[in-house]
Amino acid sequence: MYLGVIADDFTGGTDIAGFLVQNGLSVTQYIGVPDASLNARETDAAVVSLKSRSCPKEEAVDASLAALRWLREQGCEQIFFKYCSTFDSTAKGNIGPVTDALLDALGGEITVMAPALPVNGRTVYLGYLFVNGVPLNESGMRHHPVTPMLDANLMRLTEQQSRGKAANIPVAVVDAGPEAIRENLQTLRENGYRYAVPDALTEEHLVALGEAVSGLPLVTGGSGLGMGVARRIRRQHGLDGRSGTNAGKPPGGRCVVLAGSASVMTNAQVARYSAIAQAKKIDVRRCLTDADGYAAEVAAWIGSLAPAPTAPLVYATTGPDELVAIQKTLGAEASGLAVERFFAALAARLLDAGVDHFIVAGGETSGSVVKALGIKAFHIGPQIAPGVPWVRALDRPVSLALKSGNFGNEDFFSTAQDFFK
Ligand code: ADP
């Protein structure tokens, strides 16, 4: 195994796994640290996804070190700590403390902090992080409920939450290519810097960075650096880049669509898909009073449907006005959790009834469905949309398409099914 990735959340793990596969590596993703007894399948890279983005920093460090131990047992050549391209963290962490702990454990002296993902509008210039052309602290991230980002300077953000000094690698050096970047890293290391923040405005910059970091035991950053690292590994080891997605392909079978996101894009996807498939909107009140019984009823409804070319849809998705009204009367947290519980119970029942393909909209919703299905690891398959691959469980014969609310275009639910029609 060439690369071991430690991702600080679940959809972030799927996101980088998708980029690695698209750039020619075969990848398995694990939910949480695998049991010591579980040996990684024969893949080029393994992604261990944690829930360590905003938990107490000691927990984040412990979980990351446990993931590191397992990945090293699988023989990984390089470790990649993956966090969000908007550097989601606070002055206490968890990006800095986890990076320090991993660097110490690996005996590394310097690493890169490279969140840039130009394809999604995240760029780094003079060490400042931009989101769609505005500094991070002027983007929507300023108001994030858990990790509000009030500074865009990645050197300051890094130093605040870690134990060493950070310096920028300017764009002129990155433009000059891998050798120039390597020399700059060497100089920084000799001058006592522990973190290098490279500028990155384009895909080419990330490809050059992927080459330049080949000698570092640890790299950190977003999916953009993942792309660069994957291309370098593919070149170094002469991988043909075609077998990457085979193990993750959906074979086709009984499929359902579950939508638990209330995002703008999921609303559009549900509206478009309801016109061509059997669809049921759920009653949130019933999720609160009797999630299990209600799930049994909806599962029976799905079981009663005649076979159709399009999979049935069950959705909680609703527009902002109705959502606000529901949250006001039933409580935002209570209603959200009840809807998640309902989808978890429904997914478990559908699995028992022989459904083996699940298309799920919503990050939290996906997390609870995967848990309810008892899935701990999967092969990453072909991309349906950027950041959303089909995946195939290792533990049981089930395929999943797990999508964050705003991902994919309006035809996403149909496009996903085109892969096995
Ligand atoms: P996204 O990826 O769009 O953030 P998530 O699944 O992560 O989607 O989060 C959506 C949250 O909203 C979940 O907790 C879900 O249960 C909740 N939710 C969805 N629809 C409704 C609804 N109609 N009423 C109340 N809560 C809802």
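1. Helices here are DSSP runs of H or I with at least four residues, numbered from the N terminus, and in that numbering H12 contributes the largest share of the shell around the ligand, namely 4 residues. The model under discussion is a predicted one, and the points below should be read accordingly.

2. The ligand is surrounded by 18 residues, the closest being Ser261, Gly336, Glu340, Glu364 and Thr365. By class, the residues of this shell divide into 11 polar, 5 nonpolar and 2 charged.

3. A side-chain N or O atom of serine 261 is 2.7 Å from an oxygen atom of the ligand, while for glycine 363 it is a backbone N or O atom that lies 2.8 Å from a ligand oxygen. Threonine 365 places a polar side-chain atom 2.6 Å from an oxygen atom of the ligand. Of the 570 Å² that the ligand exposes when taken alone, the protein buries 81%.

4. Turning to the aromatic residues, the structure holds 9 aromatic pairs. One of them joins tyrosine 273 and phenylalanine 413, whose ring centres are 5.7 Å apart and whose planes stand at 80 degrees, so the pair is edge-to-face. This pair links distant parts of the chain, since tyrosine 273 belongs to helix H9 (residues 264-274) and phenylalanine 413 to helix H14 (residues 412-418), 140 residues apart. Tyrosine 273 and phenylalanine 413 are both buried.

5. A second pair is formed by tyrosine 294 and phenylalanine 342, with ring centres 5.1 Å apart and planes at 35 degrees, so the pair is tilted. Here too distant parts of the chain are linked, tyrosine 294 lying in helix H10 (residues 284-304) and phenylalanine 342 in helix H12, 48 residues apart. Both tyrosine 294 and phenylalanine 342 are buried. Elsewhere, Phe81, Tyr83 and Phe87 make up one aromatic cluster.

6. The last point concerns an open sheet of 3 strands, arranged in the order E6-E7-E8 with antiparallel pairing. Strand E6 (122-125) and strand E8 (134-135) are at the edges and have a single partner strand each, so one side of each is left without a neighbour in the sheet. Strand E7 (residues 128-131) pairs with E8 in the antiparallel sense over 2 bridges, and phenylalanine 130 stands opposite proline 135 in E8.

Notes. Residues are numbered from 1 along each chain as its sequence is written. This is a predicted model: local features need pLDDT of at least 70, side-chain atom pairs count only at pLDDT 80 or more; totals for chains, interfaces and linings use all residues. Side-chain values use heavy atoms; hydrogens and water are left out. Two strands pair if DSSP finds at least two bridges between them. A residue is near a molecule or strand if one of its heavy atoms lies within 4 Å of it. A polar contact is a pair of N or O atoms within 3.5 Å; within protein, one must be able to donate a hydrogen and the other to accept it, and residues adjacent in sequence count only if both atoms are side-chain atoms. Accessible areas come from the Shrake-Rupley method with a 1.4 Å probe; for residues, only the protein chains shown count as cover. Ala, Val, Leu, Ile, Met, Phe, Trp, Tyr, Cys and Pro count as nonpolar, Asp, Glu, Lys and Arg as charged, and the others, Gly among them, as polar. Rings of Phe, Tyr and Trp (its six-membered ring) pair if their centres lie within 6.5 Å; planes under 30 degrees apart count as stacked, over 60 as edge-to-face and the rest as tilted. Buried means under 20% relative accessible area, exposed over 50%, partly exposed in between (1.4 Å probe, protein chains only).
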